Amino acid sequence: MVILRMYHQINPDILKNLENFMTVLYRETPYGIFSKIKLMTDTKEMLKLVAAIAEEHYNITDGADGNLNYLWYMYHKGSKKDEFRPFVYMAELMLLKKYNYLSEAEIRNIIGMMKSEDGDNLTMVTLTIQSLRNLRIKEHKIYSKENEAYKDLNYTYAFEILNHTVFMQTMAEK
């Protein structure tokens with residue numbers, strides 16, 4: 001915990017929450033020090049991705065849906081900043097689906113990997129989302145109100161990306 005806190009220089013409560021989530025995944029590893037190093041690397045990559053997703057989704061919902069915008073505010077700038085919750089990944093998966101980077105079956109496979117007890121699967125999920133997100137940004141750029149690729153997104157976001165059902169199902173997971 002001390003090593004991780006110094007390594008990331010972030011709020012220790014946020015790091016503890018993420019460490020508790022990920023420690024379960026690495027508990028059974030016989031190589032203790034290597035697990036710690038892997039946990040540090042995975043945590044760093046995950047926190048960077050969560051922060052980038054939260055910022056973009058905060059901007060998408062700005063001015064369109066007050067409730068969702070406040071939710072994303074909490075994860076982008078508020079008390080939940082840099083905190084991992086499965087709905088963050090799910091929102092990005094649904095955005096990737098909307099722009100035809102993923103199918104419904106692929107999303108189910110990724111969710112299955114997120115639920116897995118194998119810690120490497122969460123790493124693979126993070127890398128998958130990060131790669132597809134980078135491809136989306138390369139092809140369509142990052143979201144902005146002026147970007148034609150996203151012209152209707154803030155109006156359909158609450159129905160297509162992070163609706164009540166998706167949010168409640170993913171919050172119930174871990």
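A residue is called buried here when its relative accessible area is under 20%. On that basis, 45% of the 174 residues in this protein are buried. The model is a predicted one, and everything I say today is computed from it.

Overall first. The protein has nine helices and zero strands. Read from the N terminus, the order of elements is α-α-α-α-α-α-α-α-α. The accessible surface is about 9500 Å², and carbon and sulfur atoms hold 55% of that. On contacts: taking those with a separation of 6 or more, 64% are between residues 24 or more positions apart.

Now the helix packing. Two packed helices are described by the angle between their axes and the distance between the axes.

Start with α5 and α6. Helix α5 covers residues 86-98, and its axis lies 10 Å from that of α6, at an angle of about 165°. Over 145 degrees counts as roughly antiparallel, and α5 and α6 are therefore roughly antiparallel to each other. Their crossing is right-handed. Which residues meet in this pair? From α5 they are Pro86, Tyr89, Met90, Leu93, Met94 and Lys97, and from α6 they are Glu104, Ile107, Ile110, Ile111 and Met114. By class, this contact has nine nonpolar residues, two charged ones and no polar ones.

Next, α6 and α7. Helix α6 is residues 104-115 and helix α7 is residues 119-140. The two axes come within 7 Å and cross at roughly 140°. Is this pair oblique or roughly antiparallel? The antiparallel class needs an angle over 145 degrees, and α6 and α7 are therefore oblique to each other. The crossing of α6 and α7 is left-handed. On the α6 side the contact is made by Ile110, Met113 and Met114, and on the α7 side by Asn121, Leu122, Met124, Val125 and Thr128. That contact has six nonpolar and two polar residues, with no charged residues.

The crossing is left-handed. The α5 residues are Tyr89, Glu92, Leu93, Leu95 and Leu96, and they meet Val125, Thr126, Ile129, Leu132, Arg133 and Arg136 of α7. By class, that comes to seven nonpolar, one polar and three charged residues.

Leucine 68 sits in helix α4, residues 66-76. Is leucine 68 buried or exposed? Its relative accessible area is 12%. The cut-off for buried is under 20%, so leucine 68 is buried. What does leucine 68 touch, leaving aside residues up to four places away in sequence? The list is Thr61, Tyr157, Ala158 and Leu162. As for histidine 57, it is 11 residues from leucine 68 in sequence, and the C-alpha to C-alpha distance between the two is 9.0 Å.

Note on methods:
Residues are numbered from 1 along each chain as its sequence is written. This is a predicted model: local features need pLDDT of at least 70, side-chain atom pairs count only at pLDDT 80 or more; totals for chains, interfaces and linings use all residues. Side-chain values use heavy atoms; hydrogens and water are left out. Helices (H or I, at least four residues) and strands (E, at least two) are DSSP runs, numbered from the N terminus. Buried means under 20% relative accessible area, exposed over 50%, partly exposed in between (1.4 Å probe, protein chains only). Contact means heavy atoms within 4.5 Å. Accessible areas come from the Shrake-Rupley method with a 1.4 Å probe; for residues, only the protein chains shown count as cover. Axes are lines fitted to C-alpha atoms, for helices over the stretch in contact, and angles run from 0 to 180 degrees between N-to-C directions. Angles under 35 degrees count as roughly parallel, over 145 as roughly antiparallel, 65 to 115 as roughly perpendicular and the rest as oblique. A crossing is left-handed if the near helix is turned anticlockwise from the far one by less than a right angle, and right-handed if clockwise. Ala, Val, Leu, Ile, Met, Phe, Trp, Tyr, Cys and Pro count as nonpolar, Asp, Glu, Lys and Arg as charged, and the others, Gly among them, as polar.
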